[in-house]
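Here are some exercises to work through with the structure open beside you. Try each task before you read its solution.

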Amino acid sequence: MILFAGETVAWALRPPFRAGLVLQQMAFVGVGSAFIVGVTGTFAGMVLALQMNVALRQFAAEGYVGGSVAFSLARELAPVFTALMITGRSGSAIATELGTMRVTEQIDAMETMAVNPIHYLVVPRVVASLLMFPVLTMLFNLMGYGGAFMMGVFVSRIPIGPFIFHTQELVDQHDVGAGLFKAVVFGLIVSVITTWRGYAASGGAKGVGEGTTRGVVASSIAILLADYAITFVTVGA
Amino acid sequence: MIEVRDLYKSFGDNHVLRGISLTIPRGTTYVVLGGSGSGKTVLMKHVIGLLKPDRGEVMVAGKVITGLSGRALTEARSVFGMVFQGAALFDSMTVLDNVAFPLTEARKGAGLSTDEVRKRVIAKLEVVDLGEEVLDQYPAQLSGGMRKRVALARALVSDPQIVLYDEPTTGLDPITTDYVDGMILNAKRRLGITSMVISHDVASAFKVADRLAVLYDGHLAAEGTPAEVRASKEPFVQRFLSTWFEKQ
């Protein structure tokens, strides 16, 4: 897989640059996943706000609910949840599509027509993922904070002033930036693993199914490991 | 045009090719016959550089292509067109985009306008008796025979010197099989193309071949003109050919 990733980087730097294919994949990975990411974000924010409210009320610190939720979302929940949701929706589709192309000899056909399949099929998917994972993570942040605001202000009756004031106090651009950095790393991980699993598929429909399952499982575990590693390095023990 | 020298290939303990050597002169149609799993497709994939041999080499138009990679291999492949067993059309693209693919995506097509590409696609579809009405259809909307024809049009669109056919008549009814045989003969007659055909269809093979080889147990059991192969005393060759000739 490391060789495959290296080859992908090398081909990404070579012309022709297929902007049309990248846009197509951005629409698939980004626009196509926006709904599920938005719904997940909203509910994650709502649930988190309710739980935080129960915990912080004991210290008469309900005003910190908004800030706590926003901080958790920005640094951890938004990048991790978004990456896991995209893996389930788009990563599995990428592995299946490329796997089917492999076992029906469409990838071989591309090679015989003097077009490198990594350049044509893999690079646009990886570039689109690198661009769209942070965008969707921001969507998750916004929808999650919106959900927390609704629960905190309208259901738990937390005054709007402290809710927003403490959010500004607890969360700054570095927290959001740290989450977006993770999103870029996760985008790279998911796109490389799922394209590789599809690209290397063999053995007909069963092989494609196995490749997809392995791609999704490996991506999910890699996301969690990378999240821990980045947090450990940036925050410390 | 194509020269295969002492080619060996194994997958684990499965020794698929054991010292294959053959020569395909320019402008001839060369058919490799053999049973299922005899390594015919593996041999063809070596010829176009999709597989690398354990030993031996392949020369195309005087250049050794074995061991090439990257841009050099891409250039070596530019003389080829290939028709895959299952057609291998891109199912997310229309017929127009499929046939145009070698022109629009490979470097050799750079500089052609959309209109020129469309004209060339229509011209190649005419060679295989398909009209403009199929241009906007997707592979899933076509019959098996039509897909093979589109695949041949795609293989011909960049005016290759060599076309490789992998089991071109497998799974087709007798009328479509006859039609595909005609297409192969036609491509040679009208365009002067060198062809290599992989098949287990004895009738088709004897119809289109200038030269024939029978692959068995990793080596060529017989090789020569159709008449020479027909006269071969090799037991496997006799048994293989009798499956068809005894019906006649």
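**Exercise 1.** Find the bridge partner of Glu3(B) in strand 4 of chain B, and work out which way strand 1 and strand 4 of chain B run.

*Solution.* Keep in mind as you look that this is a predicted model.
- Step 1: Start at Glu3(B) and look across to strand 4 of chain B, where its bridge partner is Met59(B).
- Step 2: Widen the view to strand 1 (residues 2-11) and strand 4 (residues 55-60) of chain B, which are antiparallel and joined by 5 bridges.
- Step 3: Now follow strand 4 of chain B to strand 5 (residues 63-64), to which it is joined by 2 bridges, again antiparallel. Here Val60(B) faces Lys63(B).
- Step 4: The hairpin of strands 4 and 5 of chain B has 2 residues between the strands, and Ala61(B) takes a positive phi near 50° there.

**Exercise 2.** Trace the open sheet of 6 strands in chain B and give its strand order. Then say which helices lie across strand 7 of chain B.

*Solution.* A reminder to begin with: strands of a sheet pair through backbone hydrogen bonds, either parallel or antiparallel.
- Step 1: Reading across the sheet, the order is 6-7-8-3-9-10 (chain B), and the pairing is mixed.
- Step 2: Strand 6 and strand 10 (219-224) of chain B are the edge strands, since each pairs on one side only.
- Step 3: For a parallel pair, take strand 3 (residues 29-34) and strand 9 (residues 211-216) of chain B, which share 5 bridges. Within this pair, Leu33(B) has Val214(B) as its bridge partner in strand 9 of chain B.
- Step 4: On average, neighbouring strands of the sheet are turned by 15° against each other, direction ignored.
- Step 5: Helix 1 (residues 40-47) of chain B lies across strands 3, 7, 8 and 9 of chain B, at about 155° to strand 8. Helix 5 (residues 144-156) of chain B lies across strands 6 and 7 of chain B, at about 175° to strand 6.

**Exercise 3.** Describe how the two domains of chain B meet.

*Solution.* 
- Step 1: Domain 1 of chain B covers 1-79 + 161-248, and domain 2 covers 89-160.
- Step 2: Their C-alpha centres are 25 Å apart. To the contact, domain 1 of chain B gives 14 residues and domain 2 of chain B gives 9 residues.
- Step 3: On the side of domain 1 of chain B, strand 7 (162-166) and helix 6 (174-191) of chain B give two or more residues. Helix 6 of chain B has the largest share, 5 residues.
- Step 4: By class, that side of domain 1 of chain B has 10 nonpolar, 4 polar and no charged residues.

**Exercise 4.** Over to chain A: which residues of helix 6 (residues 160-170) are buried, and what do they pack against?

*Solution.* 
- Step 1: Chain A has 8 helices and 0 strands, and 48% of its 237 residues count as buried.
- Step 2: In helix 6 of chain A, the buried residues are Phe163(A), His166(A) and Thr167(A). Seen down the helix axis, these fall within an arc of 110°, so they line one face.
- Step 3: The buried residues of helix 6 of chain A pack against helix 3 (65-103) and helix 5 (117-155) of chain A. Turned away from the buried side are the exposed residues Gly161(A) and Gln168(A).

Notes. Residues are numbered from 1 along each chain as its sequence is written. Chains are lettered from A and ligands numbered from 1 in the order in which they are written. This is a predicted model: local features need pLDDT of at least 70, side-chain atom pairs count only at pLDDT 80 or more; totals for chains, interfaces and linings use all residues. A residue is buried if 20 or more other C-beta atoms lie within 10 Å of its own, exposed if 12 or fewer, and partly exposed in between; C-beta atoms are placed from the backbone. Helices (H or I, at least four residues) and strands (E, at least two) are DSSP runs, numbered from the N terminus. The arc is that of the directions from the helix axis to the C-beta atoms. Two residues are in contact if their C-beta atoms, placed from the backbone, lie within 7 Å. Domain bounds come from an automatic or database domain assignment. Ala, Val, Leu, Ile, Met, Phe, Trp, Tyr, Cys and Pro count as nonpolar, Asp, Glu, Lys and Arg as charged, and the others, Gly among them, as polar. Two strands pair if DSSP finds at least two bridges between them. Axes are lines fitted to C-alpha atoms, for helices over the stretch in contact, and angles run from 0 to 180 degrees between N-to-C directions.
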